[in-house]
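Please read them with the structure open beside you.

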Amino acid sequence: MMEKNNIKWVEMPDKAILTQLGEFIKATRLDQNKTQQELANMAGVNRSTIVQLESGAGATMMSFIQVLRALDQLNLFESFQHMPVISPLLLAKQQQEKRQRARTINKTNLRKPISDW
């Protein structure tokens, strides 16, 4: 796995980001002692797709996901999860509105007619 360093992703041009992702894929593949062809077979893509990804030429998002899955690296997407933020006031209000007890239903009230006429 790539070492964590202080890459300033925001400051990088798109091509440099693709190159960085390609280096990650190549380093991970080599760490797992897989050839490009083995990875391509596992991911269900052509070897040329692996070459493109590793060289920073890019590929489709679907191919990228397939390759990450084959490398067991889908955990990289954890930072894409959106966690809704609830204000403390709204949270407190929701807590107050939660039922605190169950009530017994009065069976005599269930037999009353809906209307008196």
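**Notes on the predicted model**

1. Of the protein's 117 residues, 22% count as buried. This is a predicted model, and a residue is called buried here when its relative accessible area is under 20%.

2. The secondary structure consists of 6 helices and 0 strands. Read from the N terminus, the order of elements is therefore simple to write down: α-α-α-α-α-α.

3. Take the contacts between residues at least 6 apart in sequence: 46% of them join residues at least 24 apart.

4. How many salt bridges does the structure hold? The count is 1. The partners are the side chains of Glu54 and Arg29, with a distance of 2.5 Å from N to O. The pair links distant parts of the chain, since Glu54 belongs to helix H3 (residues 47-55) and Arg29 to helix H1 (residues 14-31). As a general point, side chains of opposite charge can pair when their charged atoms come close.

5. Are the two partners buried or exposed? Glu54 has a relative accessible area of 10%, so Glu54 is buried. Arg29 has a relative accessible area of 6%, so Arg29 is buried too. Both values fall under the 20% cut-off.

Notes: Residues numbered from 1 in each chain as written. Predicted model: local features only at pLDDT ≥ 70, side-chain atom pairs only at ≥ 80, totals over all residues. Heavy atoms only, no water. Helix = DSSP H or I, 4+ residues; strand = E, 2+ residues; numbered from the N terminus. Buried < 20%, exposed > 50% of the residue type's maximum accessible area, 1.4 Å probe, protein only. Contact = heavy atoms within 4.5 Å. Salt bridge = Lys/Arg side-chain N within 4 Å of Asp/Glu carboxyl O.
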